[in-house]
There are 4 protein chains.
Amino acid sequence: MIIVLKRGTTEDQVQEISERLDQEGFKIHLSQGVEKIIMGAVGDRSRLKALDLEALPWVERVVPILAPYKLVSREFQQEDTIIQVGEHQIGGKEIHFMAGPCSVESREQILETAHAVKKAGATFLRGGAFKPRTSPYAFQGLGKEGLELLAEAREASGLKIITEVVDVRDVELVAEYTDILQIGARNMQNFFLLKEVAKSSKPVMLKRGPSATLEEWMMAAEYIMDGGNYQVIFCERGIRTFENYTRNTLDLSMVPALKSLSHLPVIVDPSHGTGRWDLVSSMTKAAIAAGADGILVEVHPQPEKALSDGKQSLTFENFASMMEEIRVLASALGRRVKGA
Amino acid sequence: MIIVLKRGTTEDQVQEISERLDQEGFKIHLSQGVEKIIMGAVGDRSRLKALDLEALPWVERVVPILAPYKLVSREFQQEDTIIQVGEHQIGGKEIHFMAGPCSVESREQILETAHAVKKAGATFLRGGAFKPRTSPYAFQGLGKEGLELLAEAREASGLKIITEVVDVRDVELVAEYTDILQIGARNMQNFFLLKEVAKSSKPVMLKRGPSATLEEWMMAAEYIMDGGNYQVIFCERGIRTFENYTRNTLDLSMVPALKSLSHLPVIVDPSHGTGRWDLVSSMTKAAIAAGADGILVEVHPQPEKALSDGKQSLTFENFASMMEEIRVLASALGRRVKGA
Amino acid sequence: MIIVLKRGTTEDQVQEISERLDQEGFKIHLSQGVEKIIMGAVGDRSRLKALDLEALPWVERVVPILAPYKLVSREFQQEDTIIQVGEHQIGGKEIHFMAGPCSVESREQILETAHAVKKAGATFLRGGAFKPRTSPYAFQGLGKEGLELLAEAREASGLKIITEVVDVRDVELVAEYTDILQIGARNMQNFFLLKEVAKSSKPVMLKRGPSATLEEWMMAAEYIMDGGNYQVIFCERGIRTFENYTRNTLDLSMVPALKSLSHLPVIVDPSHGTGRWDLVSSMTKAAIAAGADGILVEVHPQPEKALSDGKQSLTFENFASMMEEIRVLASALGRRVKGA
Amino acid sequence: MIIVLKRGTTEDQVQEISERLDQEGFKIHLSQGVEKIIMGAVGDRSRLKALDLEALPWVERVVPILAPYKLVSREFQQEDTIIQVGEHQIGGKEIHFMAGPCSVESREQILETAHAVKKAGATFLRGGAFKPRTSPYAFQGLGKEGLELLAEAREASGLKIITEVVDVRDVELVAEYTDILQIGARNMQNFFLLKEVAKSSKPVMLKRGPSATLEEWMMAAEYIMDGGNYQVIFCERGIRTFENYTRNTLDLSMVPALKSLSHLPVIVDPSHGTGRWDLVSSMTKAAIAAGADGILVEVHPQPEKALSDGKQSLTFENFASMMEEIRVLASALGRRVKGA
């Protein structure tokens, strides 16, 4: 860590910092410039944080040098993490499509969708049983009944299941039913929920918060790994910007960035990422070309009747025809769509 | 609500929408322009949402006309809500200062701070017992012990207490100790937590999420009111933007905007809003001049030794001298700093 | 256009608006809801703008229905615009690579680069002669000498040239040398410069401003078309957001969005879009998969010695190996890299 | 400047950087940490920039320590710059109101406005003669006739004049008429325009670009000072964020930040900063309380008939009643509204 001191800092003040750093076990290097004094401190970053040196009036800036995350980093683990879910491997050569409605609405809807997306090449069925909605007056999900319907659809179709957990008190219940636990964007920094899923034996897909930086996102994954669950999957789903033609701004640069900084798999959600079904197919291709390990996508039998997010859902026909194109693309990139 | 149809929409397609709207009890007005057909629909907005007309391929856009919130709106209640906490009134002529450390760290620290801020004119003591931290390796708060120390400081100083609740399972516990429950910025859309505090008899201060729009923020307050707790206080604490000289961008326009759209009180947090103690005093004055009902501000006996957020904390001296200036300012604005 | 009136608007006030709209030739439809009165007005949008009805105290909101642009829209021209530059066609099946250094620095540098990128499959040589730099103390470009070196490199390599014009007084000069005029991101709303390039016979590539919405960007293109130059190419180069791991956030959703709303070609600049050379190759693939008609990319013989933006430049080797991969990808997408 | 090297950097690679820095006259300090090697380099920042060390594959990051601006900094000049315009002083104890319409529309409009704002306490008349408009179909200003009308209004009222210059070719013309040259937000990084106004003897008010950081804004001012014109005034007018209830997000923290980092005066524009006339009065008070040296505000005889931006303009009555309140506020802050 680099500590930049203000002009006019006295020797006593430098000495005070030195002693404090020394107590915490830091090695110190001092650079006396023409205009500023710069101190380099090498040691345990988390202890330096606690000193909060920037609160000292003669400290201009503290610049961290080492990344604050450890377990999620490529430096901690060189080889890619591959997450095994039944016969599927997420994070390797296979590309996985996790398709289905935003919310589980009825038995018929979820079974029909499961069969349709399975046929087109999906390997996972997605669908929300518990829905965190912006308005208290909007549909909040079927709850436990939704989980049971998902499980029935798994039996019937052979697909695996991914669904969101939103309440710390529900983690065990949801984990009983699902194959992958999903942490939604708004809960990315709900640290109590992160600690709870960290105790589960099920893999966790961690969506990026709408205003989360790459570093904060990786730190949220670090919470889960630090809590004992090493099966974490990132999911880019767009960030909030001034552009409002799209619901969010899908930040595909995060795919190669995460592949470089971390060993964990990366999924992309072009449905929330754009909020417009007519952009989903192009952005799915772009995500795969950028190196994503899979796609989370909304598919609904009748998007115009969906109880949530119909505007961004594909029909069965759209999904199937997109999958045709993806197969060719994946193969040109040396990868394979698992279910197709 | 206005429904704009794409060029080339057929009469049958218009008919289909009309019937569907009719079923849901909407009154419809049709405008046939040269280029586009426009439908006006008047009825219950929440039911229109469910129809998700934008998923219909011939619908270009649906423009909501009525605000989605009700209970929080100035139309629902004309006069200002005034929240009574002991002898204090938040939302009227009085201006309240809620001062204290980011985290409760020790008995000595919190008692010393309580006496100092009380003397300078604060009416509430703030301090976190449960800290949601970006890093799993950072100090996470003293927990229940922190609550007990706050209660002790209340006894000793006569200040009221405000502290954050972060876990749905802790709402009852925290409510036992605190005078106001604080919902932190990262939990603004933790809807399960909102529903839980809605059942409490204690007032709730709802911080704005770092990427929350005004409408989303008001909808979060609507959750709490809809759940039965009408004592809600907004707290502006800055939004996330590209500007990184400040930790957040303090959006003071929200103060007059909320005063116009809602009847609920508004507090401003210049400490998180700027992340720099040297800007706190100016932004406190600006917040008061903009019409805020109070200020949430970090004060620490030794900011440079704070276990969290020292960089943005005022010393006792800084706080006291700021309060001198505020008193004069408040009086010029026809208001009164309660504790001073 | 929809005009929403506030609760309590009187009949006289409605009448006043009606008369004013009538004078400007608008057809009016009135919807009397339970809570609000809504007026629909069909006519010439630009004249409604002039009325600025939102300044009337009893008008709550004015919602535009028609897009403000005409000439750039897909509704104005159904088929794709194809821009012919010598034997090259931009906007059709061909994909074009416009490669070269950020700035022209020397004869040797630009000639060497021209040969290298030509060999690897580029069709255009890019390079700045006039550099708008954030700091007055940074290298500002070689000026006219730079243009001459670009022309020499064109002769020597057979590549076409694209270079930026930054000053209204230089448009004629730059147009004499270049094959495509580039408008930089910071000048996207320099309307006098737009009007000047509108008079040129050379095609114009219009970069998106770092905080420009899709609509503002299309309006800037409208300026150029309205001024008489129909050969406009969009270039997405990232927007400014809170995420600072990348220099900008490359917004690839704009590619399919523009393809849907407009008939003009779309190029992507992954070098400025990410600011990191190690992300350029992945984002180039993603851009092509999203449907881009070409790529603007920084390539430098010795990136670490570049006088500007070396951090985001590819070496010759990196560029050549990327082009190998792109060829396969393009063909899987039914397109062809022109120069390869 | 701090140079952080990647793990595994060899001694030869360190040597290569050292030699290069040495050639450019930098003093170097080397810190060998457990995980990373860190180099400190002290010298002329602009030359280091040219080396672009981040393009070297073994360099992880380069962290600048010194600010890139000089002339605008408080370190360059300790005491506040006070700009004398006739009998007025901007940047001292006086607070100045620069009021008037967005555009000069007619002789009657501008004269009437001049008299009204003068009477209420303004010292400057604002009004655009050349209007950069997002749409080519919108009103573009009266041009030279507008300048003449402004000059006539100055004669008639005794107010000073501030108006925008948008084209490099018009700087001399506009400077002949105006007392202060205004650089609009979209031109903040139009470096050729900055260089042109730098040659003028008239003071320049530099509006912040909608996506400009504090540092970029200060660098734009540095261009003007470096070009020879030391009379620069900053004008905060809001930045672009995701929040769209307001037209921009007025970033008042910039007022104390600029006062701390720079010696130049700071003006605030709450009209563009909010885009809503009903928020202007509150945000004007907030700006003054934050320490602004003046306010640029839109006032129009009939806002609902304004040819541009009526929605954000005050009526004469609103302006006059706001000024009453401001007078009391200014005096409580130890300042004085000059014209009142």
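How many salt bridges does the rule find across the interface of chain D and chain C? The rule finds 4 of them, where a salt bridge is a side-chain nitrogen of Lys or Arg within 4 Å of a carboxyl oxygen of Asp or Glu.

Some ground rules before we go on. This is a predicted model, in which local features need pLDDT of at least 70 and side-chain atom pairs count only at pLDDT 80 or more, while totals for chains, interfaces and linings use all residues. Residues are numbered from 1 along each chain as its sequence is written, chains are lettered from A and ligands numbered from 1 in the order in which they are written, and side-chain values use heavy atoms, with hydrogens and water left out.

**Where D meets C**

Chain D brings 49 residues to the contact and chain C brings 49 residues too; contact here means heavy atoms within 4.5 Å. The area buried between the two chains is about 4400 Å², and carbon and sulfur atoms give 54% of that. Buried area is the accessible area (1.4 Å probe) that two parts lose on being put together, summed over both. On the chain D side, Y137(D), F192(D) and E304(D) lose the most area to chain C, together 16% of what that side buries.

One salt bridge to find here is the one between R240(C) and E216(D), with the closest N and O atoms 2.7 Å apart. Three helices of chain D, α2 (45–51), α6 and α7 (214–226), each supply at least two residues of the side that touches chain C. Of the helices and strands, which are DSSP runs numbered from the N terminus (helices: H or I, at least four residues; strands: E, at least two), α7(D) gives the most to that side, with 5 residues.

Over all chains, the count comes to 80 salt bridges.

| Pair | N to O distance |
|---|---|
| D269(B) and K207(B) | 2.7 Å |
| E243(D) and R208(B) | 2.8 Å |
| R169(D) and D167(D) | 2.6 Å |

D269(B) sits in the loop between β13 (266–268) and α9 (270–274) of chain B and K207(B) in strand β11 (residues 204–207) of chain B, so this pair ties together parts that are 62 residues apart in sequence.

E243(D) is buried, at 3% relative accessible area, and R208(B) counts as buried at 0%.

**A strand with neighbours on two sides**

Now find strand β10 (residues 180–183) of chain D. Both of its faces are covered: I180(D) and Q182(D) on one side, and L181(D) and I183(D) on the other, are all buried. Strand β9 (residues 160–164) of chain D pairs with β10(D) in the parallel sense over 3 bridges; two strands pair if DSSP finds at least two bridges between them. One residue to check is T163(D), whose bridge partner in β10(D) is L181(D).

β10(D) is also joined by 3 bridges to strand β11 (residues 204–207) of chain D, and these two run parallel. There, Q182(D) has M205(D) as its bridge partner in β11(D). To get from β10(D) to β11(D), the chain crosses through helix α6 (residues 191–197) of chain D, in a right-handed β-α-β crossover. Right-handed means that, with the strands pointing away from the viewer, the path from the first strand over the helix to the second runs clockwise.

Key
Buried < 20%, exposed > 50% of the residue type's maximum accessible area, 1.4 Å probe, protein only.
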